[in-house]
Amino acid sequence: MKKSLTIFFSLGMAVLSTVTVQAVPLHGTEEIVLRSSAIYDGERGTPNPFEVALVARVTAPSGRRSTVPGFFDGNGEGGAAGRVFKVRVYAAEAGTWTWEIESGDPGLDAASGRFTVEGRLPGTFGRGPIAKSAAHARFFQQRDGGPVFLAGKFLDVAAPDPIKFSHTLFSEELGEEDREALLRRHAGLGLNKVNVYLANRGDYGAVSTTPWLGTAERNDKTRFDLARWRTYDRWVERMRDAGMVAHLWFFADDSGFGDLPDADRRRLLRYGMARLSASVNTMFTLALEWQEGWSREEVESHGRFLQENNPWSRLVGVHGTTGDFAFPQASWVDYLQIQAGNDASHRKVHARGLANRALAARPLIQEEHGLGEESTANRQKAWAAFMAGAAGVGTGHDLVHLAKFASSVRFERMEPAGGLVVAGGAYALAEKGRAYVFYLHDGGAVRVNLRAIRGAPLVVEWYDPRSGAVQRGPRIKGGRVFPFQAPPGGDWVLSIHK
């Protein structure tokens, strides 16, 4: 049930807001709409409304306090000129919330109010945001749910133009029909994460995404195109309702953004976090391939700035060129994000995963290891990443069946265990003494060490990574080395558990 009430704010003679407010569902977003006494011109006006200081001091029902940045939104409907400022609050707790505004605009300063959170957001994200697991530090979980393996396919050359690359979803060059087609394809592939650029000029053959006022080649980085940001708002919400994580990447590579003044980059970071991070399905990457124009010091300082403007503790990371993750122990890093390289073999993907997993007890996403061809090689690489203990992948083939398998086992309890493979071509994960998974990347025969698992007869299952079908084998007793022969047809997954 939703309740509604009318709130009227005033300060002197300046009317700030007259709105009808409904109760917000748990894990939804409350939008506080403020109206200044003055009209601001977001295109040319002075003072620049995107430089107006505005924060809300927000108190949750539990008493937890947050400082939440606000943002200018023109006329509130995509127009550049207007009185509208907004603050978006993630409804993380049921009950009554209160807020008070602090602003450099005297017509906004000291406004206050309250709102109610009751009920629950429908769908996947009614269980809350994706977060680091408290019990299993190398994996993700939903706040009110279980472990989650993140499966995305941002490189998808098997798709038709112009939806081969999910990073272009917000591009001004795509139409709404293109965006709908991209989202339908990703849903059909069984994915739960979509990587999207907030700013791109040169990547993917210069399919631009321009959050600033102007074009990709000529824009004013002190001001934002509010009509485009309404598109970003709408599609973050569409992804949420489709059960997809909106993984938002602030800066593309091949675009010269590493050479921007710090003030311009931070302006986009702050505005993007203020506008989008209250959505329950968001997580963030600072930049793609940061080595192309960014220094280590710039990455560190901007990563810290992101976290300073992250009141809802959304996950934050950065993506590098092929190689090991460069900031595994940085306090602002929530997850490690690597690429093995598009031409990497599945053996290299697995080895890179193991090496980086050892750098820090944080979730690891093997983001890029192929262009998304629908091929055996890309399926093998996605499984090689999973078997190395990855918490997510960014490309691959037959990912729906990988995700289905991950949801059927307690992967968050398992560790890579290659030493259990006595003979044959396989990668291994193990929850010692309870459950074992072997990925036979080329099928065939394998001998595995099951000496540590004893007791009741063990369930043996063969999982087909091409179809998701399961073949049950005869039960066995542990305590020794066992030989197994995969069914015909290529790669197979062997699952053994009590």
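Phe140 stands opposite Val148 in strand S13. This is a predicted model: local features need pLDDT of at least 70, side-chain atom pairs count only at pLDDT 80 or more, and totals for chains, interfaces and linings use all residues. Residues are numbered from 1 along each chain as its sequence is written, and side-chain values use heavy atoms, with hydrogens and water left out.

Strand S12 covers residues 140-142 and runs antiparallel to S13, joined by two bridges. Strands pair if DSSP finds at least two bridges between them. The open sheet has three strands in the order S11-S12-S13, with antiparallel pairing. Its edge strands are S11 (130-132) and S13 (147-148), and each pairs on one side only.

Now the helices. H7 (residues 376-387) packs against H8 (residues 399-408) at an angle of about 25°, with the axes 10 Å apart. The axes are lines fitted to C-alpha atoms over the stretch in contact, and angles run from 0 to 180 degrees between N-to-C directions. H7 is therefore roughly parallel to H8, a label for angles under 35 degrees. The contact (heavy atoms within 4.5 Å) uses Ala382, Trp383 and Phe386 of H7. From H8 come Leu399, His401, Leu402, Phe405 and Ala406.

The protein chain holds eight helices and 32 strands. These are DSSP runs numbered from the N terminus: helices are H or I of at least four residues, strands E of at least two. The radius of gyration is 24 Å, close to the 23 Å that the globule rule gives for 498 residues, so the chain is as compact as a globular protein of that length. That radius is taken over C-alpha atoms, and the rule is 2.2 Å times the number of residues to the power 0.38.

Note on methods
Parallel < 35°, antiparallel > 145°, perpendicular 65-115°, else oblique.
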